[in-house]
Amino acid sequence: MEVETVYASRTHGAVSCNGHTDLIAAFLRVTKQYLPHVARLCLISTFLEDGIRMWFQWSEQRDYIDGTWNCGYFLASIFVFINLFGQLSGCILVLSRNFVQYACFGLFGIIALQTIAYSILWDLKFLMRNLALGGGLLLLLAESRSEGKSMFAGVPTMRESSPKQYMQLGGRVLLVLMFMTLLHFDMNFFSILQNIVGTALIILVAIGFKTKLAALTLVIWLFGINIYFNAFWTVPAYKPMHDFLKYDFFQTMSVIGGLLLVVALGPGGVSMDEKKKEW
């Protein structure tokens, strides 16, 4: 009787697991032609928005940098130009699938430059969000490496030491930082429930267990939070809060893009999902 009970429980668990796997597989079958493109567009959206803002707010950005660093109009203008050109050209290269690796390195440089120039290094919340954005770029870089290698499908590769796998691991871990900034330490029921569920999901993504399901759930959850809390379109453009909400909105969309890449590509070799295949 005990053996039958154990067998039945394991069978039920396997059926439940297969049900979740089938759900993700069905979603990927329907969206496989569109999901990577949507993921890339979401991921670069914050760079695209910021590059366009640099164009329309050239003088304001130049004056801010000059006033903060006392570097003069010329160097401040160079800073604004680098941000404008670097971000817009990087976005174009990513969307057109040309020189994606160079575009990613350029966008990494923009993140580092802005972290220093806008003193984000000393603001923990903004620093964690910038690191999460870097995690999304790592995943995009991993995707571009896999596309490059697909051209040489017949050439043997070293599976375990592949840099792509560690890029995917680093990208997953850095994406987690975005959700840490969303945790609320209130004692009301909704905040406690949100913290528990959110923490469980980000742990699953970080360790790579049920990764696609956890990442897709986080995409839905984060999109809802983004629309509700960062509705910049409801605030008049002349108010400072408009720009703050707009910045948060597009940064969150970029993290959503990174999570969609996790859904599309999977967690990579350094994950519990991959190790389960060996067991």
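**Close-up views of a predicted model**

**View 1. Ser 119 in the loop between α5 and α6.** Ser 119 sits in the loop that joins α5 to α6 (124-149). The model shown here and in the other views is predicted. Ser 119 is not a glycine, yet its phi is positive, near 55°. This residue comes just after α5. With a relative accessible area of 35%, Ser 119 is partly exposed.

**View 2. Arg 97 in the loop between α4 and α5.** The loop between α4 (72-96) and α5 holds Arg 97. Arg 97 is another residue other than glycine with a positive phi, here about 65°. Its relative accessible area is 23%, so Arg 97 counts as partly exposed, the class that lies between the 20% limit for buried and the 50% limit for exposed.

**View 3. Helix α5 and its buried residues.** Helix α5 covers residues 100-117, 18 residues in total. From the first C-alpha to the last, α5 reaches 25 Å, close to the 26 Å expected at 1.5 Å a residue. Which residues of α5 are buried? They are Val 100, Ala 103, Cys 104, Leu 107, Ile 110, Ile 111, Gln 114, Thr 115 and Ala 117. An α-helix has 3.6 residues a turn, so residues three or four places apart point the same way.

**View 4. Packing of helix α2 against helix α3.** Two packed helices are described by the angle between their axes and the distance between the axes. For α2 (residues 35-56) and α3 (residues 58-69), the angle is about 90° and the axes are 5 Å apart. The two helices are therefore roughly perpendicular to each other, a term that applies to angles from 65 to 115 degrees.

**View 5. Residues in the contact of α2 with α3.** On the α2 side, the contact is made by Arg 53, Met 54, Trp 55 and Phe 56. On the α3 side, these residues meet Trp 58, Glu 60 and Gln 61. By class, the contact has 4 nonpolar, 1 polar and 2 charged residues.

**View 6. Cysteines Cys 42 and Cys 91.** Are these two residues buried or exposed? Cys 42 is buried, at a relative accessible area of 12%. Cys 91 is also buried, and its relative accessible area is 1%. Both values fall under the 20% cut-off for a buried residue. In the whole structure, the search for disulfides finds 0. Cys 104, in α5, is listed among the buried residues of that helix.

How values were computed: Residues are numbered from 1 along each chain as its sequence is written. This is a predicted model: local features need pLDDT of at least 70, side-chain atom pairs count only at pLDDT 80 or more; totals for chains, interfaces and linings use all residues. Side-chain values use heavy atoms; hydrogens and water are left out. Axes are lines fitted to C-alpha atoms, for helices over the stretch in contact, and angles run from 0 to 180 degrees between N-to-C directions. Helices (H or I, at least four residues) and strands (E, at least two) are DSSP runs, numbered from the N terminus. Angles under 35 degrees count as roughly parallel, over 145 as roughly antiparallel, 65 to 115 as roughly perpendicular and the rest as oblique. Contact means heavy atoms within 4.5 Å. Ala, Val, Leu, Ile, Met, Phe, Trp, Tyr, Cys and Pro count as nonpolar, Asp, Glu, Lys and Arg as charged, and the others, Gly among them, as polar. The expected span of a helix is 1.5 Å times one less than its number of residues. Buried means under 20% relative accessible area, exposed over 50%, partly exposed in between (1.4 Å probe, protein chains only). A disulfide is a pair of cysteine sulfur atoms within 2.5 Å.
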